Amino acid sequence: MAERRMFSKTIVDSDAFLDMPMSTQCLYFHLNMRADDDGFVNNPKRIQRMVGAADDDLKLLIAKSFILSFESGVIVIKHWRMNNYLRNDRYKPTAYQDEKNKLILKENNAYSYIDNDVGIPMGNQMPTNGKPSIGKVSIDKDIIYIVEQIINYLNSKTGKSFKKNVKKNQSVIKARLKEGYQLDDFYKVIDKKTNDWLNNPDMNRYLRPETLFGPKFEGYLNESTNYNNQSCIGEVLG
């Protein structure tokens, strides 16, 4: 395995990266430094503890899709191929082929889960770029994984403790996924409404899945970023 690692300024200078806490950014760099030649890491929690990062730092990297995670506990750096180039004579394939087979490499050289029509991982499909992929993943389990990412991000932004296995939380997220919304759309709504409501005692209680991801989801998503709701509880409930 190569000893040197590189980082793309396109990634580490992006607003999405720089908006994260310094502890989260630090963890990202350490995970990159210890990844194998395909960008996989088999001990992310150990590295997290070793550098003094919090559980929320790892969850935020997953929620923001800077890393992709698997049920095995292995993670992969999403933009690994954008960050690093290895000569063939120095490249050693990852030992985590089962996990790798659940990914495709997009045209921009970023890893992505194999997608079905609601934007969740699924195996045995031919991606639109024509590259075959292998692997079979349970759709139900992958929906729960997407729900977990969204709930983790909402909790990290609000300081609340919503649960991924609560049926009403799952149902509103599944409904929006079936309508074609993507993971990043949920993050945008969370970012916008926490900016509007987090410090408003009357509105803070509406920072919950059933409100944010309910029928008004499209309206929240399309609000301008400088929108600031000072009152209007009726708008939430109406």
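Visitor: What makes the contact of E148 and K164 a salt bridge?

Guide: In this predicted model, a nitrogen and an oxygen of the two side chains are 3.4 Å apart. The cut-off is 4 Å between a Lys or Arg nitrogen and a carboxyl oxygen of Asp or Glu, so the contact of E148 and K164 qualifies as a salt bridge.

Visitor: Which parts of the chain does the pair of E148 and K164 tie together?

Guide: E148 belongs to helix α8 (residues 139–158), and K164 to the loop between α8 and α9 (167–178), so the bridge ties together parts that are 16 residues apart in sequence.

Visitor: Why is E148 called partly exposed?

Guide: The relative accessibility of E148 is 28%. Buried requires a value under 20% and exposed one over 50%, so E148 falls in between and is partly exposed. K164, at 33%, is partly exposed by that reasoning.

Visitor: How do you know that R5 and D37 form a salt bridge?

Guide: The closest N and O atoms of R5 and D37 are 3.1 Å apart, and the limit is 4 Å; the pair is therefore counted as a salt bridge. R5 lies in the segment before α1 (9–12) and D37 in the loop between α3 (22–33) and β1 (40–41), so parts 32 residues apart in sequence are tied together.

Visitor: Are R5 and D37 buried or exposed?

Guide: R5 has a relative accessibility of 9%, and D37 has a relative accessible area of 2%. Buried means under 20%, so both R5 and D37 count as buried.

Visitor: How many salt bridges are found in the whole structure?

Guide: The search finds 11. Among them is the bridge of R176 with E179, whose closest N and O atoms are 2.9 Å apart; R176 is buried, at 11% relative accessibility. Salt bridges also link D38, R81 and K100 in a network.

Visitor: How is α3 oriented relative to α5, and on what grounds?

Guide: The axes of α3 and helix α5 (residues 55–63) are 9 Å apart, and the packing angle is about 75 degrees. Angles of 65 to 115 degrees count as roughly perpendicular, so α3 is roughly perpendicular to α5.

Visitor: Which residues meet where α3 packs against α5?

Guide: On the α3 side they are S23, T24, L27, Y28 and L31, and on the α5 side D57, L58, L60 and L61. By class, the contact of α3 with α5 comprises six nonpolar, two polar and one charged residues.

Visitor: Why is the ring pair of F17 and F29 called edge-to-face?

Guide: The ring centres of F17 and F29 are 5.7 Å apart and the planes stand at 70 degrees. Rings pair when their centres lie within 6.5 Å, and planes over 60 degrees apart count as edge-to-face; the pair of F17 and F29 is therefore edge-to-face. F17 is in helix α2 (residues 15–18) and F29 in helix α3, 12 residues apart.

Visitor: What accessibility classes do F17 and F29 have?

Guide: F17 has a relative accessible area of 1% and is buried, whereas F29, at 29%, counts as partly exposed.

Visitor: Which residues form a cluster through ring pairs?

Guide: F7, F17, Y28, F29 and F66 are linked in this way. The count of aromatic pairs comes to 15.

Methods: Residues are numbered from 1 along each chain as its sequence is written. This is a predicted model: local features need pLDDT of at least 70, side-chain atom pairs count only at pLDDT 80 or more; totals for chains, interfaces and linings use all residues. Side-chain values use heavy atoms; hydrogens and water are left out. Helices (H or I, at least four residues) and strands (E, at least two) are DSSP runs, numbered from the N terminus. Buried means under 20% relative accessible area, exposed over 50%, partly exposed in between (1.4 Å probe, protein chains only). Axes are lines fitted to C-alpha atoms, for helices over the stretch in contact, and angles run from 0 to 180 degrees between N-to-C directions. Angles under 35 degrees count as roughly parallel, over 145 as roughly antiparallel, 65 to 115 as roughly perpendicular and the rest as oblique. Contact means heavy atoms within 4.5 Å. Ala, Val, Leu, Ile, Met, Phe, Trp, Tyr, Cys and Pro count as nonpolar, Asp, Glu, Lys and Arg as charged, and the others, Gly among them, as polar. Rings of Phe, Tyr and Trp (its six-membered ring) pair if their centres lie within 6.5 Å; planes under 30 degrees apart count as stacked, over 60 as edge-to-face and the rest as tilted.
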